[in-house]
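Colleague: I would like to learn how to read a protein model. Can we go through one together?

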Amino acid sequence: MKYKIVKETKPTLKTFGKYKAKAVHNGEVGSRHIRDEVSERLGISEGAVEAVMMCLSNVISQHLRRGDKVRLDTWGLMKLEIESDKVDDPATFRANKHIRGVRLHFLPESEKGKPELYQGMTFEKERG
């Protein structure tokens, strides 16, 4: 995985002004590309793969919205987390005012704290 070194620019963070590694992404792979690769690897139709992908997406989304954590074997755990403002008194908290958004958290499956997703990964500094 390629990375570049960037300066922390958020003044509110304790690490403001320090340098950190940031992943360099080569591009984006869309559903169509994934569908075509899976279809080719399994020798089944693109339509069948697309139907499974759509159904899987819908089922996972429904469970996440209900507040379930979703664990997919060999892949990991997905869950939704709420981002909200902090208030001094819980009685003053209003969802429509204080909840800023929802984030999807993905935790790769790991064995003894070492995610398989990261096994064999090497890091290379981007040139330029």
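Modeller: Start with one pair. In β4, L77 is the bridge partner of R71.

Colleague: What does it take for two strands to pair?

Modeller: Strands of a sheet pair through backbone hydrogen bonds, either parallel or antiparallel. Here two strands pair if DSSP finds at least two bridges between them. Strand β3 (residues 70-72) and strand β4 (residues 76-84) pair in the antiparallel sense, over 3 bridges.

Colleague: What should I know about the model and its numbering?

Modeller: This is a predicted model, where local features need pLDDT of at least 70, side-chain atom pairs count only at pLDDT 80 or more, and totals for chains, interfaces and linings use all residues. Residues are numbered from 1 along each chain as its sequence is written, and side-chain values use heavy atoms, with hydrogens and water left out.

Colleague: Over how many bridges do β4 and strand β5 pair?

Modeller: β4 and β5 (residues 99-108) pair over 9 bridges, in the antiparallel sense. K79 stands opposite H105 in β5.

Colleague: Is T74 buried or exposed?

Modeller: T74 has 66% relative accessibility and counts as exposed. G67 is exposed too, at 59%. G67 lies in the loop between α2 (46-65) and β3. G67 and K79 are 12 residues apart in sequence, and their C-alpha atoms are 7.7 Å apart in space.

Colleague: Is H98 buried or exposed?

Modeller: H98 is buried, with a relative accessible area of 10%. H98 belongs to helix α3 (residues 95-98).

Colleague: Which residues does H98 touch, not counting those up to four places away in sequence?

Modeller: A contact means heavy atoms within 4.5 Å. With residues up to four places away left out, H98 touches E83, S84, D85, V87, T92 and F93.

Colleague: In what order do the strands of the open sheet run?

Modeller: The order is β2-β1-β8, with mixed pairing. β2 (19-23) and β8 (124-125) are at the edges with a single partner strand each, so one side of each has no neighbour in the sheet. Strand β1 (residues 2-7) and β2 pair in the antiparallel sense over 5 bridges. K4 stands opposite K22 in β2.

Colleague: How many helices and strands are there in the protein?

Modeller: Helices (H or I, at least four residues) and strands (E, at least two) are DSSP runs, numbered from the N terminus. The protein has 3 helices and 8 strands. Along the sequence they follow β-β-α-α-β-β-α-β-β-β-β. The radius of gyration is 20 Å, well over the 14 Å of the globule rule for 128 residues, so the protein is more spread out than a compact globule. That radius is taken over C-alpha atoms, and the rule is 2.2 Å times the number of residues to the power 0.38.

Colleague: What does the C-alpha trace span along its principal axes?

Modeller: The span is about 60 × 45 × 30 Å. Of the 128 residues, 11% are buried.

Definitions and conventions: Buried means under 20% relative accessible area, exposed over 50%, partly exposed in between (1.4 Å probe, protein chains only).
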